[in-house]
Protein chains: 2
Amino acid sequence: MHEAIGFLGLGNLGRPIVTNLMAAGHQLTIYNRDAGKVAPFVERGAVCANQPLDVVSPGGVVLSLLWDDASVETIVRSEGFLARLGTGGVHVSMTTLSPDCSRRLMALHAEHGSAMVEAPIFGRPEAAVDKKLWIVTAGAEAAKQRVRPVLRAAGAQGVFDFGEQAGAALAVKLIGNMLIISAMASLKEGLALSQKMGVPPQSVVDMLTTTLFPSPIYQSYGRLIAQGVSGAVDNRIPAKDVGLFKSAAEALGVSATVSGTLLSLYQ
Amino acid sequence: MHEAIGFLGLGNLGRPIVTNLMAAGHQLTIYNRDAGKVAPFVERGAVCANQPLDVVSPGGVVLSLLWDDASVETIVRSEGFLARLGTGGVHVSMTTLSPDCSRRLMALHAEHGSAMVEAPIFGRPEAAVDKKLWIVTAGAEAAKQRVRPVLRAAGAQGVFDFGEQAGAALAVKLIGNMLIISAMASLKEGLALSQKMGVPPQSVVDMLTTTLFPSPIYQSYGRLIAQGVSGAVDNRIPAKDVGLFKSAAEALGVSATVSGTLLSLYQ
């Protein structure tokens with residue numbers, strides 16, 4: 001039997017994920033600030049919730065994929081949310097939160113007998129459509145076991161677990177995004193030099209991605225930069241995620257030289 | 001018939017390359033400032049030259065793999081070097097030179113009827129032993145055709161050509177090294193955070209290099225950093241090569257924000 005799922009947030013990544021979950025046979029109740037985005041899914045059998053609380057069922061599963069700490073924390077702390085989720089309920093938090101926020105929210109869930117599972121996502125919306133997402137998890141073991149099939153159905157080609165400790169999966173997500181953004185910024189600077197020197201950037205990308213960097217990140221962003229496509233990435237995402245990395249690093253006394261430079265490029 | 005080869009410079013990369021060339025059947029005449037390093041090769045049939053000029057034969061092939069602009073330029077401009085190399089001679093310059101220096105030297109060779117081929121190398125000494133080097137080339141077509149089998153014999157698993165324009169292969173080499181050093185510095189900063197947060201760095205490397213970054217650079221440096229191996233890379237190489245990238249970028253009005261930060265980390 002497929003879990004009924006409450007879903008919060010229909011952004012660029014949320015929409016294909018909901019499509020995948022419904023295609024896999026899950027019954028969905030969806031809340032989005034702009035209810036107009038829910039309508040196409042209602043046509044296919046989903047229920048549109050009027051408020052976040054209405055996606056929650058006692059002991060059930062809720063997935064959230066929102067913008068930032070504040071948007072998730074506001075909903076979790078809203079009247080009735082944790083009380084209704086109750087004993088055995090699982091909240092799968094897919095938003096890229098700060099590890100500190102996740103720690104606070106995970107503890108709050110535990111106090112109410114439910115569990116929050118960190119499950120941030122690597123992958124662009126096209127990858128969600130193709131079920132090629134990578135998801136990293138952390139949280140209580142039993143809760144993770146319950147929702148692993150849901151993560152697969154959501155579009156994960158692989159789920160990597162980082163144990164029970166709060167913040168662990170988010171640390172991996174922030175590190176991964178910092179590395180992606182570093183690769184993008186370095187490619188941009190490097191290919192700008194090749195362009196100026198009269199060496200076709202795509203020939204440099206072809207050489208590098210068949211030798212040293214046979215990585216989808218270098219291939220896809222390298223091609224976009226070589227083609228002169230600007231705005232391929234919404235600057236708000238690098239700025240937010242590198243900002244979270246830098247804050248976490250500084251709070252722990254870790255050098256933030258590279259992330260600080262990257263943040264300055266995307267702010 | 002195998003080309004007789006003159007070879008200048010027996011550094012960490014030069015030694016395995018000379019071993020490969022001799023194993024492939026080339027007769028070598030070798031000059032190195034410290035002649036003691038030439039001795040083991042003399043035992044196997046190489047000739048030890050007393051001065052750089054003695055590796056040059058009229059119309060022949062000379063390979064140089066030295067430290068920097070100054071070391072190559074001093075030899076090329078030394079009394080008799082270009083005169084003896086003469087018409088049809090080919091100097092394969094494998095050192096990571098500045099594109100400007102390479103342009104000057106390529107023009108000087110042309111004035112004397114010979115050709116300089118840029119052939120900088122991607123790969124550590126272990127990769128040379130395994131014949132897994134990547135070599136990028138630029139220069140006169142006929143000269144490149146003549147020496148391509150030599151580059152293969154030297155240990156290249158692949159040779160990527162970037163046309164006849166001076167500086168083109170060096171631009172690719174500098175861009176590639178900047179990207180490698182950027183990946184190293186970012187991994188170091190990222191894994192320092194995972195360590196502090198109690199997430200085993202090797203587990204992060206394993207996840208990232210089987211998903212977003214299935215690249216030998218991320219795998220090998222990630223493992224070294226996760227193991228806490230310091231000094232895996234001689235800082236002089238990043239400092240020199242990122243310095244060359246930054247100078248080339250600044251001279252052409254290209255942003256050097258990322259390379260500037262990297263340079264500050266390795267100086």
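Student: At 48% relative accessibility, what does B:Arg77 count as?
Tutor: This is a predicted model, where local features need pLDDT of at least 70, side-chain atom pairs count only at pLDDT 80 or more, and totals for chains, interfaces and linings use all residues. Residues are numbered from 1 along each chain as its sequence is written, chains are lettered from A and ligands numbered from 1 in the order in which they are written, and side-chain values use heavy atoms, with hydrogens and water left out. Buried means under 20% relative accessible area, exposed over 50%, and partly exposed in between (1.4 Å probe, protein chains only). With its 48%, B:Arg77 counts as partly exposed.

Student: Which residue meets B:Arg77 in a salt bridge?
Tutor: A salt bridge is a side-chain nitrogen of Lys or Arg within 4 Å of a carboxyl oxygen of Asp or Glu. Here the N to O distance is 3.1 Å.

Student: Which residues of helix H3 of chain B are buried?
Tutor: Helices (H or I, at least four residues) and strands (E, at least two) are DSSP runs, numbered from the N terminus. H3(B) spans residues 69-76, and its buried residues are B:Asp69, B:Val72, B:Glu73, B:Ile75 and B:Val76.

Student: What is included in the cover over the buried residues of H3(B)?
Tutor: Contact means heavy atoms within 4.5 Å. The cover includes elements of chain B itself: strand E1 (5-8), helix H4 (81-85), strand E5 (90-93) and helix H5 (99-111).

Student: How many residues apart in sequence are the parts that B:Lys144 and B:Asp161 tie together?
Tutor: These two residues form a salt bridge, their closest N and O atoms being 2.9 Å apart. B:Lys144 is buried at 2% relative accessibility, while B:Asp161 is partly exposed at 34%. Since B:Lys144 lies in helix H7 (residues 141-154) and B:Asp161 in strand E9 of chain B, the distance in sequence between the parts is 17 residues.

Student: Which residues does B:Val159 touch, not counting those up to four places away in sequence?
Tutor: B:Val159 belongs to strand E9 (residues 156-161) of chain B. Its contacts of this kind are B:Ile135, B:Thr137, B:Arg148 and B:Leu151.

Student: Which backbone oxygen does the side chain of B:Thr209 reach?
Tutor: B:Thr209 is in helix H9 (residues 201-209) of chain B and counts as buried at 10% relative accessibility. Leaving aside neighbours within four places in sequence, B:Thr209 is in contact with B:Pro214, B:Tyr218 and B:Gln219. At 2.7 Å, its side chain reaches the backbone oxygen of B:Val205.

Student: Turning to chain A, what arc do the buried residues of helix H10 cover?
Tutor: In H10(A), residues 216-226, the buried residues are A:Ile217, A:Tyr218, A:Tyr221 and A:Gly222. They sit on the same side of H10(A), because they cover an arc of only 110°.

Student: Which helices do these residues of H10(A) pack against?
Tutor: Both chains take part in this packing. From chain A come helix H8 (168-196) and helix H9 (201-209), and from chain B come helix H8 (168-196) and helix H10 (216-226).

Student: What is the area buried between chain A and chain B?
Tutor: Buried area is the accessible area (1.4 Å probe) that two parts lose on being put together, summed over both. In this model 56 residues of chain A are in contact with 56 residues of chain B. Carbon and sulfur atoms give 79% of the buried area, which is about 4800 Å².

Student: How many salt bridges are there between chain A and chain B?
Tutor: Over all chains, a search of the whole structure finds 18 salt bridges. Between chain A and chain B, the count is zero.

How values were computed
The arc is that of the directions from the helix axis to the C-beta atoms. A polar contact is a pair of N or O atoms within 3.5 Å; within protein, one must be able to donate a hydrogen and the other to accept it, and residues adjacent in sequence count only if both atoms are side-chain atoms.
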